[in-house]
Amino acid sequence: MRKKLAKILTNPLQILLLFCLSFSVNAQDVKKTNFWDQVQFGGTFGLAIGNGFTNVVVAPSAIYNFNEYLAAGAGLQYSVLNQDNLFSSKMYGGSLIGLVQPIEQVQLSVELEQLRVHYKSEQSNYSEHFWNTGLFLGAGYRFENVTIGFRYNVLFEKDKGVYGDALIPFVRVFF
């Protein structure tokens with residue numbers, strides 16, 4: 001009886017041991033990739049100055065490429081807008097982005113953006129502070145590190161928030 005029990009227990013243990021050994025041998029064949037080899041950095045810098053008007057935008061971002069088709073990342077944004085004797089605003093916040101590239105030249109995106117807005121009107125002595133949330137679905141033509149396209153804010157409400165239109169063109173660059 002003991003021999004039968006030992007044989008029954010031994011066979012599954014042998015199978016499990018053989019499976020573990022074969023898995024560890026196969027695991028050695030897999031290429032190890034460095035995390036930072038899959039990361040790309042990019043962002044936006046904008047400057048517009050003229051006739052009492054100033055607009056400065058700084059928005060760095062980074063993405064992690066899971067494979068040649070899928071990437072995800074995050075970004076920060078800070079901007080200052082000023083029109084002499086009329087108004088001024090400051091915005092800061094962050095975003096999360098997901099990128100899908102079904103074919104080499106097409107890039108689809110989804111981006112969630114959250115901005116804190118401080119607005120002040122000089123003429124009416126009015127100020128406002130609020131959060132602005134945008135959820136953008138985008139599509140663009142990609143060549144090498146540059147993507148040019150449009151993104152659509154599905155949360156857009158006319159006369160509310162910081163964007164004047166739901167459809168916004170973009171140029172995205174990652175190195």
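**Close-up 1. A buried pair, arginine 151 and glutamate 111.** Arginine 151 and glutamate 111 are both buried, where buried means under 20% relative accessible area, exposed means over 50%, and partly exposed covers what lies in between (1.4 Å probe, protein chains only). The two residues form a salt bridge whose closest N and O atoms are 2.8 Å apart; the term stands for a side-chain nitrogen of Lys or Arg within 4 Å of a carboxyl oxygen of Asp or Glu. Distant parts of the chain are linked here, with arginine 151 in strand 7 and glutamate 111 in strand 5 (residues 106–121), 40 residues apart. Strands (E, at least two residues) and helices (H or I, at least four) are DSSP runs, numbered from the N terminus. Please keep in mind that this is a predicted model, in which local features need pLDDT of at least 70 and side-chain atom pairs count only at pLDDT 80 or more, while totals for chains, interfaces and linings use all residues. Residues are numbered from 1 along each chain as its sequence is written, and side-chain values use heavy atoms, with hydrogens and water left out.

**Close-up 2. A second salt bridge, lysine 160 with glutamate 157.** A search of the whole structure finds two salt bridges, and one of them joins lysine 160 to glutamate 157, with the closest N and O atoms 3.5 Å apart. Lysine 160 counts as exposed because its relative accessible area is 54%. Glutamate 157, at 44%, is partly exposed.

Close-up 3. Take a look at strand 7 (residues 146–153), where phenylalanine 150 is found. With 48% relative accessibility, phenylalanine 150 counts as partly exposed.

Close-up 4. Not counting residues up to four places away in sequence, alanine 71 touches Ile63, Tyr64, Asn65, Phe66, Ile97, Gly98 and Leu99; contact means heavy atoms within 4.5 Å.

**Close-up 5. Asparagine 65 and its polar partner.** Asparagine 65 is found in strand 2 (residues 53–65) and is buried, with a relative accessible area of 18%. Its side chain makes a polar contact with the side chain of glutamine 40 at 3.0 Å. Such a contact is a pair of N or O atoms within 3.5 Å; within protein, one must be able to donate a hydrogen and the other to accept it, and residues adjacent in sequence count only if both atoms are side-chain atoms. Leaving out residues up to four places away in sequence, asparagine 65 touches Gln38, Gln40, Leu70 and Ala71.

**Close-up 6. Serine 79 in strand 3.** Serine 79 lies in strand 3 (residues 70–83) and is buried, its relative accessible area being 4%. Neighbours within four places in sequence aside, serine 79 is in contact with Val56, Val57, Ser89, Lys90 and Met91.
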